[in-house]
Each structure stands twice: as C-alpha cells, then as structure tokens.
Amino acid sequence: MKTFIAAIDQGTTSTRCILFDQEGKIEAVDQKEHEQIYPQPGWVEHNPLEIWKRTEEVIERAIKKAKINPNQILAIGVTNQRETTVLWNPKTGEPYANAIVWQDTRTKQICDELAQEGGQDRFREKVGLPLATYFSGPKIKWLLDNIPSLRKEAEQGNVLFGNIDTWIIWQLSGGVKGGVHLTDVTNASRTMLMNLNTLDWDDEILNIMGIPHQILPRIVPSSPLEPYAFTLPEGPFGAAIPICGDVGDQQAALMGQTCYEVGEAKNTYGTGCFMLLNTGNQIVQSKKGLLTTLAYQIGNNGATYALEGSVAITGALVQWVRDNLGLISSSAEIETLARTVEDNGGIYFVPAFSGLFAPYWRSDARGVIVGLTRYIKKGHIARAVLEATAFQTKEILEAMRQDSGVDLKSLRVDGGMVQNDLLMQFQADILNVPVIRPVITETTALGAAFAAGLCVRYWSSLGDLKKHWQVDKIWHPQMSEEERQRQYRYWLKAVERSFDWL
C-alpha cells in the first residue's frame, strides 16, 4: 500500500493541502483562497475561522482527489504565513478579533515608542530583528491594548496567542476538546519575543511589551523526535494521524530546496519575496538591515540559523496591476504584456505600498514610478513591474554578501513567479549568477512534508532528502557588466525617491 505525507500550506492569500509520496512527488493538491480584509489604509486582516474552514475543505478534497484511505497518510506537516497574529478563547474557540496580517502597519506607533529607548535595534542582539510593524510581538500588544477587557481575560487564562501555525495545529489536534498549544522555533523567532540563544520566550522583552507569558505557546523543534499530537478521527482527516512538522513558510522553502549547507540560499517569489541564506549554527547579526532568524531545528540537534531579507510587494504588485489598474486580466498575462517592448523605456517602479522592508526598514516610504515620459506604454509598466522584483532581490543578496562574507554561486528559486521566464532571465542578468528552478516548485509545502516525514522515518536523514531534489531549468546571465551597473544605479536612485513620503 502506497503511503504519503500531507502538508498543509496556509499562505497569505490561500490555503493548500498537498499529498507527497516518498520521491517527493505530488499525488494530489487542493487550494482555496480566503478574503483579504482592509478596514482602513495600512491595515490588513484575515478571519481565522474562515482560514480554519478553508483548511478543513482542502484537506477533505485533497484526500478525495487522491482516492486514498486516510490511514495511508503517515504524518502531517504544517507551514504558514508567519507573523500573522491571532488571539482566541481556548474554551469557546472564538477569536477575539480578526488576525492581524504580517503586512499590517497599525503598530507603527508602538514600535516608535519602544524605539525611544535603545533605537530600532533595541532588541536585535537577543531576537535578531529590528523594531518593525512586521513582527507578532507589537501586534499582540496592540490587541491587548485596544480590545476592551482583553488584557483582563489574558491574565485570567482565557486567551491563547498563536501565529497561524499554532491556530491550525490547535484546531487539528482537537481545538476546545484539548488541542495542543505550541509553535516551532522558526515561527517563534518571528515574534520578536524569542531569545535566539535560549530558544525560549524572553521574560525581559515580555515585561517591556506587557505580554503575559501564559498566553504564549510552547516552543518545539520544527521536526520533533515524537509527534506533537494526533488529529481527531472526527476531524477533516477522518483518522488519528500524527502531526509532526511545523515550519514557517520561508524556512520550509529553505528545507524544501534542501539548502542544508552553510552558504546555500533560496528565494521564494510569492505575495512578497523572501530570501534565506543558511548560516549553520552561527548567529550572524546583520549590519545591513537583514533579519537573523531560525532556519530549522531537527529533533534534539542544535538549531540551524539563517539570514533573511524580505521584500513586501512582489507578486502582490502583479495582482495590483491586474485588479487596480486592469492592464491584465490574469497574473500570467504580465509576461506577454512585458514582451511587447524591448526594455523598461527608462522607468522604474518602486512598490513601497506599505513601506520598504530589508535592507531599509522605512515605514515612511510609499510607492513611486519614476522616469515617465510620453514614450511610455503599458508594456513598459509591465516590464518595470517584473524588474522591480529582481532589483529588490539583488539589494538583499548584496546585503547578505556584506554581512556573511559569502559570495553566492547560484540562487535556487521557487514560488508562483518562477514560471515567468522573462523575470527569471532578468534576475540572472542583474545578479550575475545562475538562477535554478527545481522540478518541484511547491518547495514550501515540500519542506513541511520533509519535516514531518523525518519524524516518522519516512525519510531517514537530510542527506536522504537531497536525493529527491532535481533541477528543472537554469537561467545563465547574459547582460554586460556595464549595463548591469547602469540599471542598478538607476534603481537605487528610484528607491531614494520613495523615502520620507509620510
């Protein structure tokens, strides 16, 4: 009887369930979008109950599509949009408010106040992160400060906090009927509340932010020695299946791309863009605005760390061109439109819709299109939209090189935008290194499956996992060094134009 590992991939815009076999091949997949809620400018929310409902639906439909018995699933791994913050009542299972999404900027005032003592890097040495609206800690504080009587409820033990991984695992393992309350080291490292050295919640930071310790989940390895818990037979899986993988989405992609050696890097092109560089057991503190984060922890081995650079708006810019400007009717059409012109016509699009992430961390920045003349057509705009993703990636790679002293030899890529040949070629050109796409581009879900599969010995080791990674296509640089430098110089000039808008 053939067996599988299930991965639940709960992303910013949709939830998927993917069943993988022992070769790392996809047996079945199901996906459903959920609503993006924008109550006011800069605010982004999700309904946690809708996300859980979509999760149940995609699990049931993936099993149905695969035409298998649920007992053929040996383990479940969960991967998730990180930093998105939920507070809920463990007795009723009801969230106290919508989840505050990672892109949300409402905590700017909290971050500014915290930075008055010690600056933006006040906690960086302990947690590897600057004070920024991106992370969960300030979001928890905002909810406790702004929802009437919530702080009192928290002190009475009626509140649980989780990023979306914690919420899903709590629901899967029983919810109000005794669901487990935990998170893994990768997700915990995105809260601004976990000490990178101890891999535990930092009491001093909790005190400063006024966050009660008892609302926080237990921190566990990404791939444990024993399952975290089991699903309930009456739940969406229809059987008691071990839940034994939990990895934040970008770290899951690093695992799925088998970047297990120091100096190996991957870039995921999704709603935002996320590049991670494996730094092994070294905690590399960034001087260039990058994040120091957990890469993963397997069993009782020590933690593996990474440097990360995040770009807020990449695939989301293509959606904006589709939905807000109506220049294309599907995201895939952006490449066709961009190919109607030879180059960007001299325009550069900096998509700082909610500020700039690494390496700038400027929440005062806003989006700009510069270099406009009457010559510009919609094809030039499409081209500048794609190039913006590649330029932002180059900025982060440059910062990683300066921080770590490691020169990149190639870049492994995944995510929805890697099907875009024009973008991938321009990425290789502007980086001057080969860009490599694997056969299985669902590397986020694959990484979660790998984490779960290691726990139940479906795969024996990280070396075993490397055998299942295969190259699909490589793009080699074709641009002259002079042109590369010229384009990049203009890009940096454009970025400066986006500063100090607010």
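Trainee: Which helices each supply at least two residues of the lining of the largest cavity?
Mentor: The model is predicted: local features need pLDDT of at least 70, side-chain atom pairs count only at pLDDT 80 or more, and totals for chains, interfaces and linings use all residues. Residues are numbered from 1 along each chain as its sequence is written, and side-chain values use heavy atoms, without hydrogens and water. On a 1 Å grid over the protein atoms alone, a cavity is a set of points where a 1.4 Å probe fits but cannot get out, a pocket is an open set with protein on both sides within 12 Å along at least five of seven lines, and lining residues have an atom within 4 Å of a point. With helices (H or I, at least four residues) and strands (E, at least two) taken as DSSP runs numbered from the N terminus, the two helices are H12 and H16.

Trainee: What is the volume of the largest cavity?
Mentor: A search of the whole structure finds one cavity of 30 Å³ or more. Grid points are joined across faces, edges and corners, and a volume is the space filled by probe spheres set on the points. For the largest cavity this comes to about 80 Å³.

Trainee: Which helix gives the most to the lining of the second largest pocket?
Mentor: That pocket holds about 320 Å³ of space and is lined by 17 residues, with Lys394, Leu397, Glu398, Arg401 and Leu431 nearest its centre. The elements giving two or more residues to this lining are helix H12 (378-404) and helix H16 (481-497). The most, five residues, comes from H12.

Trainee: What is the bridge partner of Ile8 in E2?
Mentor: Two strands pair if DSSP finds at least two bridges between them. Strands E1 (residues 4-10) and E2 (residues 14-20) run antiparallel and are joined by six bridges. In E2, Ile8 is bridged to Cys17.
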